[in-house]
Each structure stands twice: as structure tokens, then as C-alpha cells.
Amino acid sequence: MKKIRTFINNSNLARFRFYFQIAAFILFIYGGYLSITISERLPVFACPFNKVSGGTCYLMPLQHQLHITLNRFASSGGLHLLKGFLIFAGLSLIFSKGWCGYICPLGTIQDWITKTRKYLHIRFSIYDKTVFDHLKKIKYILLFLLILIPIGVKNSFVGLPVLPHDIFPPFCKICPGRILLPLFSGNTSQIYIDFSTKTAMFMTSSGIIVAGIFITGAFVKKRFFCLFCPMAVLLFIFSKIAFLRLNKDGAKCTRCGNCYRVCDVGIREIADDITNKNIVKDDCIMCFKCVEACSENKCLTVSFLRIPLFTSTETG
């Protein structure tokens, strides 16, 4: 057992993650060809606008389940909303934010763009702490609007008119996944601007613009979109009780900063926090590069159901 543990700790995690991401990408982009549907409440951007997707991102059904009148929330609508959330919660508890680092198709695309940038020897940018702290709030705003707007399309508040239906589903309209993921199956149907109304024109053109920003941003900043992703907020809710965890023994930390330097999202607390045991933050994608880079024996540990899977070693 000790030899197995040593082999795992000294293995090439980056190579394992690379091939795991490819397998997950194929499953969630092309799984429909084999009639595979993992779930319709997935904690990753498996876009239903890609007709051969192997599952559906939870944010799509969430918006539809919120798109009801208030009186329906107290009856069948509320039950469907609760059922969907419980399924999402169950999936989130299994892999926590590992869904982001190893499985999410949009995350994988960003990592491929980063590899392309490295190949072209183009430097990437780093946010200073003030900018980072401000930008990370955007995902909370997006989640709030994602929840509020579908309700506002069906209901009037304080005498205000209901929102135009052309804005629905709001997040999907601007999500880069709607534009980009169908392209991998040869589907270009989502690259369009709807001129039927001003609202429709604004939302569909915004989607194309956001997709362009996604590609450009990922080219100059590692995991650019993840900092603004509302799914990250939902996954973070369950990270403290999830089966998959990233723990830190602060007593063994020398605050050398190796973990921060390899972090794709740029989380400084991974190096500075020597108090909390569970150090998964809302921006963490659980790629575990920090564990691989750490040179302090058992300072960082990846565990599943409290069983250690991968730990930092003196050799880094």
C-alpha cells in the first residue's frame, strides 16, 4: 500500500488531468450520438443547444423552473424546483469543484487556449489583488440576475411591468457555451442575431460579444471565464461538506508561494491561509496543481470521503 501511495504522489497529475479532460469533453460534447445523457442537472456547462450533448447544464433547467408565476411556487412548480436542486446538490457533493477543473467543457477549452498561448510564447496577465477582489464579485451578480430575471418575466413586482420574454433564458442568451460548444459538433445555428425585437437583438448580439471576450480573455488570462462563472458560486455552497476535498496543514506551510504561482485562477489565500483546513475558495477549480507544486510533505492533501488520494511531497 505504501508503494502504491508513493507511486500516486509522484505521478504526473498534469498528464492525468489532460487525458481525463479529453475523455470528459468527448462524453459531454458527443455523448448524444450514443444516446448518453448523464443528467439534466449537471454542475458543468454541457450545453443543451448542442443537440448531441451527453447531458445538460443545471443553469438551463433552473431558469425554466424559475420562469413561473408566484402562485405556482407554492405547488407543483416549487416541488420541481426543489427536486432539480437536490439532484444538482447530490452531483456537487460527489466531485465538488473538481467538476470545474476536470470535467467542464468550457474549462477544458480555456486550458487548450492556454496551451496555444504557451506554444506561441505569449505572456499571460495577472490580476493584482484589488482588481481580483472586485472582478470575483461579478459571478455573484450574474447568479442573482439569473434567478431574478426568469421570475420577473412571469411576475410583476411593486407595480412594475413584467420583463420582455425575449430576454429569457437570460444567462443562456449570453453564455459563451451556447455559441461555442455546438461548433464542436458542426452546429453553427447559434451564431446569429435576432432582429425581431430590440431586446432579442441586444441579447443575441451580447451572446456573440461575450463568446469573443471568452476566447480573447482566455488567451491572455488563464481560466479567464471561471472568475465570472455563476456555477462556481453554486458549487462553492457544497464544497465544505463535499466528498472530494482539498485540505491544508497550516503548521507545515512555509508560505513559499509555490502553490499560488501555479494557480490558474490566482488565489493568494492558498499560500497565505495557514488557519483553515479546508482551503477551497469560491474561485478554486480544484485542478490540484497546488498539491503537485507544494514541496512540504503532506502539507496539502486531496481526499475523497476522508480517504487521502494525493498529497504533496518534499520533491514537489
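A pocket is an open set of grid points where a 1.4 Å probe fits, with protein on both sides within 12 Å along at least five of seven lines, and its lining residues have an atom within 4 Å of a point. In this predicted model, the largest pocket is lined by 18 residues.

**The largest pocket**

- The space in the largest pocket comes to about 400 Å³.
- Of its lining residues, Phe-16, Tyr-102, Leu-244, Phe-288 and Leu-309 lie nearest the centre of the pocket.
- Two or more lining residues come from each of helix H2 (13-30), H6, strand E2 (300-304) and strand E3 (307-311).
- H6 gives four residues, the largest share of the lining.
- By residue class, the lining of the largest pocket holds 15 nonpolar residues, three polar ones and no charged ones.

**Positive phi angles**

- Ser-96 is not a glycine, yet its phi is positive, at about 50°.
- The loop between helix H5 (76-95) and helix H6 (98-103) is where Ser-96 is found.
- Ser-96 has a relative accessible area of 0%, so this residue is buried, the cut-off for buried being under 20%.
- Arg-255 is likewise not a glycine and has a positive phi, of about 55°.
- Arg-255 sits in the loop that runs between strand E1 (244-248) and helix H14 (258-262).

**A cis peptide bond**

- Phe-168 and Pro-169 are joined by a cis peptide bond, whose omega is near -10°.
- Pro-169 belongs to the loop between helix H9 (138-154) and helix H10 (170-174).

How values were computed
Residues numbered from 1 in each chain as written. Predicted model: local features only at pLDDT ≥ 70, side-chain atom pairs only at ≥ 80, totals over all residues. Heavy atoms only, no water. Buried < 20%, exposed > 50% of the residue type's maximum accessible area, 1.4 Å probe, protein only. 1 Å grid on protein atoms, 1.4 Å probe; cavity = no way out; pocket = protein on both sides within 12 Å on 5 of 7 lines; lining within 4 Å. Points joined across faces, edges and corners; volume = space filled by probe spheres on them. Nonpolar A, V, L, I, M, F, W, Y, C, P; charged D, E, K, R; others polar.
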